[in-house]
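Please open the model in a viewer with the chains coloured separately. The stops below are arranged as a sequence of selections.

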Amino acid sequence: MPKAYKQVPFAAIVKSPTVNNQGMVTGNWRYLRPVVDKGLCTECKMCWISCPDATVNYSKDDGISFNLEFCKGCGVCSNVCPVGAINRVPELDFED
Amino acid sequence: MAVAEMIKSIAQAPEKEYYLPGHRTCAGCGPALAYRLIAKASGKNTIFIGPTGCMYVANTSYACGPWAVPWTHAQITNGGAVASGIEVAFKQLIKKGKIKDEFPNIIVMAGDGGAIDIGLQAASSMMYRGHDVLFLMYDNESYANTGIQVSPMTPYGATTMFTPSGPEIPEAKKFFPKDPMAIFCSGGHPEVKYGATASISYPVDLMNKVRKGLAVEGPAFLHVQCPCPKGWTYPADRTVELGKLAVETGMWFLYEIEDGVKKWNYMPKKLKPVEEYLQTQGRFSHLQPEHVAKMQAWVNQRTQLLGMEVPLPPAQ
Amino acid sequence: MPIKKRGTGLTAVADAWQLADIDVTASYPIRPYTAVMAEVAKRIANGQMKCEMVHGEGEHAQFSIAHGASMAGARATTGSSGVGVTYAFETYSPIAGGRCPIQALIGDRTLDPPGDFGSEHTDCLTLRDNGWIYGWAENAQEALDNSLLCFRIGEDPEIMLPQIVAMDGYFVTHISQDYVMPDQAQVDKFLPPFKPEFRLDVNKPVIMGPQIEPEMGPPLEWDRNVVMERVKELIPKATAEFNKIFGAKYAPFVDEYMTDDADMVFLLQGAHAVTCRSAIKYLREAGYKVGMCRLRWIRPFPDAALQQILPKFKVVGVIDTNTSYGAAGGGGVLLVETRASVSEVANKPIIQGFTSGLGGETITHEEFFKMADMMKQTLDAGKIIQSSTWVNFNDYDKAAIEVKAAWEQAAPSTK
Amino acid sequence: MTLAVAIDANMREITVWTRGVTLAKEARDVATLMAKAGGVEGLYVQSFDNYVDLPDRINVACKSYARLSPEPIETYYEYENYHPDVVVVTEETMVKGHNILEGCKPGTVVVINTARDPQKLLKYISPKEKLANVKAIATIDANALGMNVMLTFDGTEGAGDDTTIGAGVGAAIAGAVAKATGYAKLESLLKVAENKDAVKLGWDKVTVLAL
């Protein structure tokens with residue numbers, strides 16, 4: 001095999017990311033996608049505080065949403081939801 | 001940080017993330033959740049030291065990392081020593097006027113191996129010398145980065161790659177774990193003015209303990225239990241649930257020791273039988289009733305030793 | 001004004017560290033390097049030095065503390081000896097690979113067993129493959145000067161590598177000598193403040209030492225290889241500048257003594273050069289056309305310089321004050337590297353090996369005379385007689401037969 | 001100078017894609033079973049995990065490899081199957097967001113563990129330019145066959161796998177791979193797998209869509 005070496009910065013020191021770490025995109029780890037039922041959601045933010053990957057977003061206007069570029073689909077958000085407002089749906093049911 | 005501002009509820013937790021999406025930790029990783037909450041609590045003016053472990057290797061795979069704040073690797077052996085060097089350097093460089101930085105929060109994020117096993121010497125010395133560093137032990141109860149091998153924190157009766165169960169050794173791991181709080185925060189390290197146990201399942205408590213640990217002058221120690229879906233063998237969505245169950249069964253405790261005074265942060269009304277906890281995890285699936293009884297006896301003894309006065313399940 | 005002083009290599013390096021305004025140093029006691037830390041501690045206590053001294057719980061911690069301090073942007077130092085050097089082994093590659101230009105003073109000591117305080121270069125030579133810049137000082141003055149030179153080279157933005165100022169235990173670390181402590185203004189002219197491009201800075205956050213992809217490994221290691229080659233280029237420049245500012249006369253790589261008309265030379269490093277020079281005087285009077293080549297650096301190894309210099313001679317006697325059991329040719333590290341350096345040189349001299357000065361023994365005048373005799377026999381024979389000779393043990397010089405018999409009786413494995 | 005030689009010209013490479021931890025053992029079993037079956041038939045064989053994927057993390061993409069050759073394998077110590085002839089996907093979602101066809105040769109067979117219509121999965125598969133190399137897509141709904149999934153760390157990190165090989169879903173997938181590719185006879189697989197019913201079901205229930 002021909003070798004494909006990669007450029008490496010000085011002493012492998014890399015700049016810290018600011019929003020997402022684009023070097024390790026993890027959305028393709030997911031086979032069950034979290035889907036929030038906004039009718040049930042009480043916006044208690046348990047899912048938000050419990051996400052190991054910081055991929056649950058919350059805003060006053062839109063409530064809970066998910067960063068699907070990075071969500072690994074672990075289901076912790078669904079498990080901790082006190083009202084069962086987060087469903088886990090097979091990823092291939094979605095076109096995107 | 002001079003005086004820590006306490007967080008009263010999840011709604012008041014800081015929104016800003018410093019442990020960002022994009023790391024190769026397991027789906028449902030307990031230590032990753034710990035990292036996120038700790039980084040949230042400590043904020044922008046923070047430097048992390050990451051001794052080798054899952055939170056080094058899985059987080060920085062492929063020459064990148066998820067931190068919005070400075071982070072450096074340390075060997076699994078020397079997190080405490082590297083942090084000591086960083087701390088004195090900042091003090092000295094600031095004193096000499098060579099840099100204009102505000103003195104940062106310095107946090108060592110060591111796994112159980114890097115804190116209480118191979119890294120114990122460096123951790124102990126850092127605390128003895130009184131460096132203004134928060135030494136944080138994220139405890140997933142094994143050497144998980146190398147594929148789950150036994151550590152001193154692995155519970156009695158758990159299987160790992162190095163402690164399989166077999167006819168000669170039916171209970172798998174034979175020894176009960178070390179008690180890091182007893183080692184670091186019970187007077188043996190006089191400079192340590194603040195020490196606490198915490199759990200990822202009690203996020204507000206955890207974040208406030210991080211802030212308290214950073215607010216005290218000198219070293220602080222935080223022992224955070226972090227369920228590990230791979231090593232403990234349970235479905236990844238149950239991480240937070242299991243952290244709670246550990247507390248409810250006496251497999252984990254939430255207390256802090258400030259200036260030598262112990263305070264309970266959460267005490268269940270009565271302990272659930274430890275079997276309820278054991279049966280949730282594949283690592284205990286081989287245990288026989290006598291092993292479960294031995295575990296319950298240990299839990300009961302430990303509960304009494306720590307002074308938690310709650311009704312206990314019977315130990316046969 | 002430069003000050004004339006009397007002190008050991010350790011106090012001389014403490015002077016260098018004071019002049020370099022180091023920010024952090026990490027201590028742990030082990031003979032014979034210890035007193036440099038005692039000296040620095042005194043100066044911190046009396047306000048002479050503004051530096052934080054951290055008492056590590058061992059050498060592994062010492063090097064780790066200095067590593068951490070360097071990542072934070074501090075000029076940091078540490079030091080050790082003997083088994084202390086090897087106890088810290090894990091840390092050497094991460095420090096060099098992390099490009100943290102800390103400085104360590106190593107006062108050589110024999111590795112155990114046996115428990116032996118005496119100097120042997122083996123402790124420090126074991127880490128020669130880890131990417132540190134280092135070489136041996138033969139006296140207090142050179143120890144001080146090497147320290148400044150090392151900071152200057154190691155902290156160069158194009159280099160960024162850790163350095164070791166190595167010196168023989170006892171000989172250089174414990175024998176008082178005259179030396180000159182230079183003026184602060186001279187040092188400030190020679191050594192700029194340490195300002196690394198990357199440090200742990202919350203306003204410019206970076207990730208240091210992440211895991212890399214396999215495809216990044218070879219380029220990263222290639223970079224470490226290239227930078228060592230660059231050190232070879234910088235050493236002559238920095239040495240020339242040092243000589244100019246401080247009025248010194250250092251050769252960049254190889255210090256030659258009475259080599260102009262020599263047909264055989266001793267090749268060595270470190271403190272034994274002092275006795276060697278004196279022995280050469282007597283040997284010259286007795287008609288031996290002998291000189292000395294002393295290596296100032298072991299990493300990077302001065303191969304190009306040796307390729308220039310050694311063809312002038314017919315026989316080179318490499319004196320190894322270290323062990324490398326089972327090494328090619330039966331000698332030590334210097335013999336192997338010297339032979340490798342000139343292996344492709346057309347008119348290369350005969351290179352024979354001597355192992356001597358182990359366990360801290362003094363290499364006496366008599367032993368230099370013996371080695372000269374053996375080199376003479378090589379010269380006369382026009383070929384190597386014995387690939388490597390352990391002086392006093394398997395030497396083939398007739399005059400040594402009686403000594404040899406005595407040693408054979410004493411050495412257990414000959415029984 | 002580069003020698004123009006064909007190294008391992010007749011070697012066939014099977015790459016098994018899977019999810020870390022949860023399906024790692026089953027994927028390893030697919031590779032192990034195919035290699036063992038090849039061994040039964042007198043081929044030179046090799047099966048191994050992708051070293052860089054280890055230690056695996058829950059849900060992360062991982063690969064296991066099998067190689068079968070009529071001659072001794074010369075690239076025995078290379079890290080990966082750089083040019084797979086067969087791509088096996090043990091968890092259907094992996095068709096999305098992973099370059100499962102990377103390096104594949106003309107005539108590649110793709111085997112997917114799914115209940116879905118293979119035509120519908122095609123649109124996700126990447127890299128797109130390699131689709132032309134795919135000869136057939138085989139699907140097997142192994143999860144519906146009532147087999148277990150085994151969770152074990154045995155056999156990882158260079159240890160020998162002392163657990164049974166081919167006791168669960170992996171055995172069914174291997175049956176499907178053998179039939180869809182013709183790389184192993186059913187009898188050979190039955191000889192080496194623990195769960196022979198699973199192998200047989202996989203063999204029988206696989207559907208192959210020629211492209």
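How much area do chain B and chain C bury between them, and what percentage of it is on carbon and sulfur atoms? The two chains bury about 3,200 Å², 59% of it on carbon and sulfur atoms. Buried area here is the accessible area (1.4 Å probe) that two parts lose on being put together, summed over both.

Before continuing, note that this is a predicted model, in which local features need pLDDT of at least 70 and side-chain atom pairs count only at pLDDT 80 or more, whereas totals for chains, interfaces and linings use all residues. Residues are numbered from 1 along each chain as its sequence is written, chains are lettered from A and ligands numbered from 1 in the order in which they are written, and side-chain values use heavy atoms, with hydrogens and water left out.

**Stop 1: chain B against chain C**

Select the residues of chain B that touch chain C. Contact (heavy atoms within 4.5 Å) involves 43 residues of chain B and 40 residues of chain C. The interface holds 24 residue pairs in polar contact, both residues being at pLDDT 80 or more. A polar contact is a pair of N or O atoms within 3.5 Å; within protein, one must be able to donate a hydrogen and the other to accept it, and residues adjacent in sequence count only if both atoms are side-chain atoms.

On the chain B side, the elements giving two or more residues are β1 (46–51), α2 (54–60), β2 (71–74), α3 (79–95) and α5 (120–128). Helices (H or I, at least four residues) and strands (E, at least two) are DSSP runs, numbered from the N terminus. Highlight α3(B), which gives the most, with ten residues. By class, this side of chain B has 22 nonpolar, 16 polar and five charged residues. In that division, Ala, Val, Leu, Ile, Met, Phe, Trp, Tyr, Cys and Pro count as nonpolar, Asp, Glu, Lys and Arg as charged, and the others, Gly among them, as polar.

Next, display C:Glu57 and B:Arg129, whose side chains meet in a salt bridge at 3.2 Å, N to O. The rule (a side-chain nitrogen of Lys or Arg within 4 Å of a carboxyl oxygen of Asp or Glu) finds six salt bridges across this interface.

Then select β2(B) together with β9 (residues 206–208) of chain C: two bridges join these strands, which run parallel. Strands pair if DSSP finds at least two bridges between them. The bridge partner of B:Thr72 in β9(C) is C:Met208.

**Stop 2: chain B against chain D**

Turn to the contact of 17 residues of chain B with 13 residues of chain D. About 1,200 Å² is buried between these chains, 62% of it on carbon and sulfur atoms. Select B:Arg24, B:Met161 and B:Lys230, which lose the most area in chain B to chain D, together 48% of what that side buries.

Which residue of chain D meets B:Lys230 in a salt bridge? The partner is D:Asp56, at 3.0 Å, N to O.

**Stop 3: chain D to chain A**

Finally, select D:Arg116 and A:Asp93, which form a salt bridge with the closest N and O atoms 2.9 Å apart. D:Arg116 lies in the loop between β5 (108–113) and α2 (118–122) of chain D, and A:Asp93 in the segment after β5 (86–90) of chain A.
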